[in-house]
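Hi,

Here is the structure I promised to pass on.

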Amino acid sequence: MADTALSQTKTQARASAGADPRSDYMRYYPTAFDLRKRARQRMPNFAFEYGDGGAGSDGGIDRNWKALDAVELMPRYGKVVAPPSAQTTILGRSYSAPIGISPVGGPGTCFPGAERYLAAAAQAARVPYTLGVLSGITVEQGAELAPDVLWFQLYRFANNGHKIGLDLARRAAAAGVQALVLTFDTPARTTRPRESKSGIPHPFRLTMKMRLDAMSSPPWLMALAKNGIPRFVSLNPYMGDNLSLEESTAFIRREQGGAFTWDELKLYRDVWKGPLVLKGVLHPQDAERAAQIGIDGILVSNHGGRQIEALPASIDALPAVVRAVGGKASVILDSGVRSGVDAARAVALGADAAFAGKAFMWSLGALGPDGPAHLINVLTEDVRATLGQTGCPTVADLRKVPVRHPGAWRPEDCVERG
Ligand SMILES: Cc1cc2nc3c(=O)[nH]c(=O)nc-3n(C[C@H](O)[C@H](O)[C@H](O)COP(=O)(O)O)c2cc1C
């Protein structure tokens with residue numbers, strides 16, 4: 001606490017002396033957990049709890065972190081290695097590092113205007129940004145802000161023959177989105193105790209308690225004044241422009257729900273010609289089937305521990321998925337990623353990249369609009385350091401590094417019991 005207060009004073013002093021405060025970020029917030037600590041102090045309680053909380057008692061979140069920590073990379077020394085490059089290819093496109101931003105629905109609750117800041121930072125750094133369908137900017141606005149790196153996530157809007165879902169997919173294609181991401185792992189609505197206890201109501205609206213809570217957070221209030229109350233604007237053509245927040249969340253509850261079936265996935269495969277990603281796969285046979293129907297990318301994820309807390313850590317599910325897919329689709333990981341070391345662990349185990357969700361919310365809560373660029377920088381530097389330490393000149397070389405992974409699910413563990 002004292003350290004943070006001191007760092008804040010120094011940063012402010014440098015800023016008033018004309019120095020760029022961003023140059024201090026690496027010194028005072030060198031890890032995602034430093035950002036988390038600062039975010040907890042600076043965000044309204046409901047905003048932090050929404051962005052940080054998981055299902056149940058956060059057991060899935062802890063499992064993700066512990067499982068990643070348990071993965072060890074064995075280095076070899078004694079040779080001269082060229083300075084490593086973090087540059088890599090994901091789904092056929094070149095990016096500056098094997099990292100990306102996972103979709104977050106309603107990120108404006110964590111920090112108003114979040115989508116704009118995330119999109120701008122991702123575009124500048126050339127890493128993928130997955131805009132969620134439940135966002136405060138439209139897919140078209142997202143594509144303007146991040147033309148080279150925008151991915152777009154869809155939930156299942158199945159009414160009237162997927163009229164809304166398929167139209168959104170067509171709009172994403174027309175806007176030039178790089179990849180369409182279909183979320184597969186939400187067959188049931190689940191509750192997050194920390195979110196409910198913080199006073200966030202369902203359907204969502206800004207209650208008096210939340211407004212009072214926000215009074216304690218000038219940065220959040222300033223962002224709200226600048227960007228307005230977040231609304232799910234990609235859905236305006238279907239629900240109308242003039243609904244209250246409560247009415248629009250009720251609309252979403254009516255229109256969206258359940259997990260895509262295999263037949264529905266084929267429908268989207270027919271309409272969307274670009275790279276198609278299935279997000280939330282854990283079982284190797286689901287991954288195999290997805291690859292068989294032409295899905296290009298498998299995003300191994302347990303939704304960051306936000307669905308139920310008994311799910312495997314996604315890093316533990318990764319190797320069996322990689323084996324099952326056998327190179328027929330790219331594999332990406334999210335859930336629990338806090339560092340470039342975590343991303344390198346995932347790549348060493350066969351993923352092409354690792355994405356983060358919560359850590360980007362912490363970055364916004366901690367540093368406001370500057371947060372996402374700083375976090376991308378932290379993750380990328382960390383990837384480079386890991387490459388250097390393990391003697392890898394390129395990201396692809398990580399696949400050759402000996403890796404020990406005690407928690408990995410084996411294919412025989414995944415057999416249904418009779
Ligand atoms: C506040 C919040 C909202 C989220 N909303 C969505 C969403 O709308 N769609 C989706 O597919 N995943 C959603 N996720 C899950 C993320 O895409 C991602 O899988 C998860 O955050 C990864 O784990 P991590 O937070 O430990 O990095 C959300 C995550 C958070 C933290």
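Helices here are DSSP runs of H or I with at least four residues, strands are runs of E with at least two, and both are numbered from the N terminus. This is a predicted model, where local features need pLDDT of at least 70, side-chain atom pairs count only at pLDDT 80 or more, and totals for chains, interfaces and linings use all residues. Residues are numbered from 1 along each chain as its sequence is written, and side-chain values use heavy atoms, with hydrogens and water left out.

Let's begin with Gln123, which sits in helix H6 (residues 114-125). Gln123 is buried, at 19% relative accessible area (buried means under 20%, exposed over 50%, partly exposed in between, with a 1.4 Å probe and protein chains only). Its side chain makes a polar contact of 2.7 Å with the side chain of Asp148. By polar contact I mean a pair of N or O atoms within 3.5 Å; within protein, one must be able to donate a hydrogen and the other to accept it, and residues adjacent in sequence count only if both atoms are side-chain atoms. Beyond four places in sequence, Gln123 is in contact (heavy atoms within 4.5 Å) with Leu145, Ala146, Pro147, Asp148 and Val149.

Next is Asp316, in helix H16 (residues 314-325). Asp316 is also buried, with a relative accessible area of 10%. Not counting residues up to four places away in sequence, Asp316 touches Ala67, His405, Gly407, Ala408 and Trp409. Asp316 and Leu68 are 248 residues apart in sequence, yet their C-alpha atoms are 8.2 Å apart.

Now the ligand. It is surrounded by 20 residues, the closest being Pro103, Thr183, Asp334, Gly336 and Gly357 (a residue counts as near if one of its heavy atoms lies within 4 Å). A polar backbone atom of Pro103 is 2.6 Å from a ligand oxygen, while a backbone N or O atom of Gly105 lies 2.8 Å from a ligand nitrogen. Gln153 places a polar side-chain atom 3.3 Å from a nitrogen of the ligand. Taken alone, the ligand exposes 600 Å², and the protein buries 97% of that (areas by the Shrake-Rupley method with a 1.4 Å probe; for residues, only the protein chains shown count as cover).

One last thing to look at is Phe152. Leaving aside neighbours within four places in sequence, Phe152 contacts a list of residues including Thr130, Leu131, Val139, Leu168 and Ser234.

Cheers
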